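Q: I've got this model up on my screen and I'd like to talk it through with you. Can we go sheet by sheet and then look at a few single residues?

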Amino acid sequence: MATPSRKTSTPSSLASKRALGGGGGEGGCESGRELKPVLRTYDVCEVSPGPHLNMIIGANGTGKSSIVCAICLGLAGKPAFMGRADKVGFFVKRGCSKGMVEIELFRNSGNLTITREIDVAKNQSSWFINKKSTTQKVVEEQVAALNIQVGNLCQFLPQDKVGEFAKLSKIELLEATEKSIGPPEMHRYHCELKNFREKEKQLEVFINRQLIFIEYENVRQEYEEVKLARDRVKEEVRKLKEGQIPMTRRIEEIEGQRHSLEARIKEKATDIKETSQKCKQKQDIIERKDKQIEELQQALIVKQNQEHDRQRRISNTRKMIEDLQNELKSAENCENLQPQIDAITNDLRRIQDEKASCEGEVFDKRAEKETLEKEKKSVGDNIVRFDNLMNQKEDKLRQRYRDTYDAVLWLRNNRDKFKQRVCEPIMLTINMKDNKNAKYIENHISSNDLRAFVFESQEDMEVFLKEIRDNKKLRVNAVIAPKSSYADKAPSRSLNDLRQYGFFSYLRELFDAPDPVMSFLCCHYHIHEVPVGTERTREKIERVIQETRLKQMYTAEEKYVVKTSFYSNKVISSNTSLKVAQFLTVTVDLEQRRHLEEQLKEINRKLQAVEAGLIALYERNKHLEHKDNELRQKKKELLERKTKKRQLEQKISSKLESLKLMEQDTCNLEEEERKASTRIKEINVQKAKLVTELTSFVKICTSLHIQKVDLILQNTTVISEKNKLESDYMAVSSQLRLTEQHFIELDESRQRLLQKCKELMKRARQVCNLGAEQTVPQEYQTQVPTIPNGHNSSPPMAFQDLPNTLDEIDALLTEERSRASCFTGLNPTVVEEYTKREEEIEQLTEELKIKKVELDKYRENISQVKERWLNPLKELVEKINEKFSNFFSSMQCAGEVDLHTENEEDYDKYGIRIRVKFRSSTQLHELTPHHQSGGERSVSTMLYLMALQELNRCPFRVVDEINQGMDPINERRVFEMVVNTACKENTSQYFFITPKLLQNLPYSEKMTVLFVYNGPHMLEPNRWNLKAFQRRRRRITFTQPQ
């Protein structure tokens, strides 16, 4: 910025101007003189600019751009920066031999006055700082220290360079922006990054070339080692196969012996079987003989027992006859018993009357009981209706399943037709303890079973279905409850064991239901085994499935089913979302239900009283019945006494006849015993002969068994030897398989290494740009090339005198091995050459390590510098983009600025990309010299410079006739932005040169408008007195009439 100061004029041979600025920043342009001889504009000129926006206006040819040229040349700018001439002498007015430009710059430490005197003839300049002679380099350093860059189009844009701004590449625009508004170190960091990246690439190329050849040599050596190992393994395979031949022969011999022994063992087994069969036959015959003897003895015992029994019965019969005869003698005479019988008959008639009276009372009590039972049934039905949630559930049932509802009504009216309990549909009998759990039950039980009737008897179900389905044609479902109840069956796992997974109950504990319904659901739906969890269960579901092995489970909103695959034995789980409950969400009116229960208790009390009365009547009736039976028994005894003598005589006669028949049926036991003894002796003789024959066969069989055991022992010995040989053979075969597998692996590795050698050689030739017939360059065969730091390594001999292809190398190695096998000693030259090559490889490896360390250091430097450069640069570009986009938005257009690069590591390719859009129907396009019109390029350039204005570190900015080519609308908008931006506090000094302006433009008090007048009738500069003109103007204003 600048503060006003005075300057004396120069000799008449100089065309001069004076520039003056003001403000608070260091480096502002204060005063200066410049020459523009081409236009022959001035002899002497002094310009006094303001501290903010300086609007320099004048017609074409009056010398506006001469001020721009004077600023550029006076601040050590090159003539080429203006694009008008390449020699500084051309800027001196024609006819003059010398010219001078003097510029005064504001500094906090003291103003700086730079003077440049131009000699046209010599095309040279003399430089002065604060009237002291100096060099151009010192001037350039002083100017650069104030961050003045007259060669930067972002800071200094002459008229002839306006079009070139759009031609700037993204890279050039980034560099200009960094220099213009970036921190001083930003451009330096960028340059360091580019240098570091270039050195990094050089090191990478060097290391890659060396590593390729080293890798080739290492792979080739590895290939040779693998090939030798493969040959050794191949020899091992051959030896193992040869070692198996004797074992195979011995196994075959032993197998022949085993077959022979097994054949002999089979023969002996056949002989033993035949002999054993004969022994069994003889033994069977002996057993039959024993059985015959036993039968004879048993028959004799039977006859003896029969004779003894006949004698006992004869004795008993005689005794009975004697007793009957004595009883007949002692029997009373037949007296007159009729009065006693008549008295008993009268008593029986009285008892019958009492029994009839008692039965009448019982009938009355039963009628009262039936009435109470009907009342009890009515109240019970009401309670059942509440328990089954009938009021609302029946409506849902009627709306959804009309046939089932009609069947329920029929059942309630016909329960007396069934022998056992019949439960209404399950959805009516279930009563949920908590309505929010209804969704689990409805999702678990199928809809068909929810509307099914539950029976305890198959017969009852058939009666029901015949009436409902066959007669009434209603579609209903029916099920039978298990014969043994499952309702109270305990779960297989305690709920306490499952609480750690979030389970809080089993399905059975969520509702109440009649015992048959609960038993059916436990049996068929396993509701006592299915737990219900919470959201915490779903969060750890995988652990639950693995640890609990549950088949079914519920979480807060899902059902999980776990199955085990029949084929793979893998656990497969599936889950489904729970549907909203529809039928089981209704609750019971507990107060009314309690009232009904009290009413039921009163009826039960009355029923108990009636039952007690009935029991008393039953006891009375029982007592009368007992008395009636006693009287009837007495009457019966009296009647029997009248007929007893006749009965005794009949019995005596019958027994005498029986005694006579038993005495006639006699048996001779001695004769029977003699016959049985004779027959048993004959059978024992035959049995003794059979035992002798059996003993002979047993001896033969024992001998055959001994021979068989001996053969089995021999066979066992042979089998044991065979098993040992087979085990040894299997061990050798296993070792052979492992060795063959090792051989295959080594051969595959050899093939892979061979292919890798070929690929590495191909890559090495590609890196060295060699053809198929060209040899490896000398620098890679004998020495390492010079590297970037200037050091050379010693010449390694790793590839010298070696063939070019891997096949030729293999052939050479084979030849050398053949030669080596013929040597008894070792050639010292070979050892020396080997040692030398080993040292060369070590030296080359060490050199590569050094280069890798150097490369890592460069990369570390790049990382550090990149962080210090890229992050501030991104923030800077983002700020530029924000202001640039806002400027374009205010013009109803669109524009953006971004940091562009194709590869993040190519720091020399980073650039700033400007993209603009002037019509809503188009897309954003990059700013180029060809795509946009001249006016659009001018607007874009001006707005970009305005975006830099508030971020600028430079003390002043110069823009020369950039509004040329703009349409009036854009020119007015751009002018408003320039005024608003350049007239803010703490902004750079701004020079805006234009030959014309639109009417009614906005102006600011902080603007300085400089009008350039020039022509043949202008006053001489020494005659121009501005203060006199101002006094005259004020005098004219005061004397004008009001």
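Q: What counts as a helix or strand here, and how many does the protein chain have?
A: Helices (H or I, at least four residues) and strands (E, at least two) are DSSP runs, numbered from the N terminus. The protein chain has 24 helices and 23 strands.

Q: Back to β11: in what sense do β10 and β11 pair?
A: Parallel: β10 (residues 452–455) and β11 are joined over 4 bridges. Two strands pair if DSSP finds at least two bridges between them.

Q: What order do the strands take in that sheet?
A: The order is β8-β10-β11, in an open sheet of 3 strands with mixed pairing. The edge strands are β8 (422–423) and β11 (477–480), and each of them pairs on one side only.

Q: Which helix lies across β10 and β11?
A: That's α12 (residues 458–471), running at about 175° to β11. The axes are lines fitted to C-alpha atoms, for helices over the stretch in contact, and angles run from 0 to 180 degrees between N-to-C directions.

Q: What's in the loop between α12 and β11?
A: Arg475 is found there. Arg475 is exposed, with a relative accessible area of 69%. On that scale, buried means under 20% relative accessible area, exposed over 50%, and partly exposed in between (1.4 Å probe, protein chains only).

Q: And what does Arg475 touch?
A: Not counting residues up to four places away in sequence, Arg475 touches Asp403, Thr404 and Arg451. Contact here means heavy atoms within 4.5 Å. Arg475 and Asp403 are 72 residues apart in sequence, yet 5.8 Å apart in space, C-alpha to C-alpha.

Q: Let's look at α8 then. How far does α8 reach?
A: Helix α8 (residues 402–413) has 12 residues and reaches 17 Å from its first C-alpha to its last, close to the 16 Å expected at 1.5 Å a residue. The expected span is 1.5 Å times one less than the number of residues.

Q: Which residues of α8 are buried?
A: Thr404, Tyr405, Ala407, Val408, Trp410 and Leu411. Thr404 is also one of the residues that Arg475 touches. Over the protein chain, 40% of the 1042 residues count as buried.

Q: New topic: β18, β19 and β20. What kind of pairing does that sheet have?
A: Antiparallel, in an open sheet of 3 strands with the order β18-β19-β20. β18 and β20 stand at the edges, each with a single partner strand, so one side of each is left without a neighbour in the sheet.

Q: How many bridges join these strands?
A: β18 (residues 894–900) and β19 pair over 7 bridges, and 2 bridges join β19 to β20 (residues 925–926). Arg915 of β19 has Glu896 opposite, and Arg915 also has Glu926 as its bridge partner in β20. Val916 has His925 as its bridge partner in β20.

Q: Why call β19 largely enclosed?
A: 5 of the 7 residues of β19 (residues 911–917) are buried, so β19 is largely enclosed by the rest of the structure.

Q: Which side chain does Asp898 make a polar contact with?
A: The side chain of Arg913, at 2.7 Å. A polar contact is a pair of N or O atoms within 3.5 Å; within protein, one must be able to donate a hydrogen and the other to accept it, and residues adjacent in sequence count only if both atoms are side-chain atoms. Asp898 sits in β18, and leaving aside neighbours within four places in sequence, Asp898 is in contact with Val877, Gly911, Ile912 and Arg913.

Q: Where does pLDDT stay under 50?
A: Over residues 781–802, among others, with 55 contacts beyond four places in sequence, and over residues 820–826, with 1 such contact. pLDDT is the predictor's confidence in each residue, from 0 to 100. Where pLDDT is low, the predicted coordinates should not be read in detail. The protein chain averages a pLDDT of 77, and 79% of the residues score at least 70.

Note on methods. Residues numbered from 1 in each chain as written. Predicted model: local features only at pLDDT ≥ 70, side-chain atom pairs only at ≥ 80, totals over all residues. Heavy atoms only, no water.
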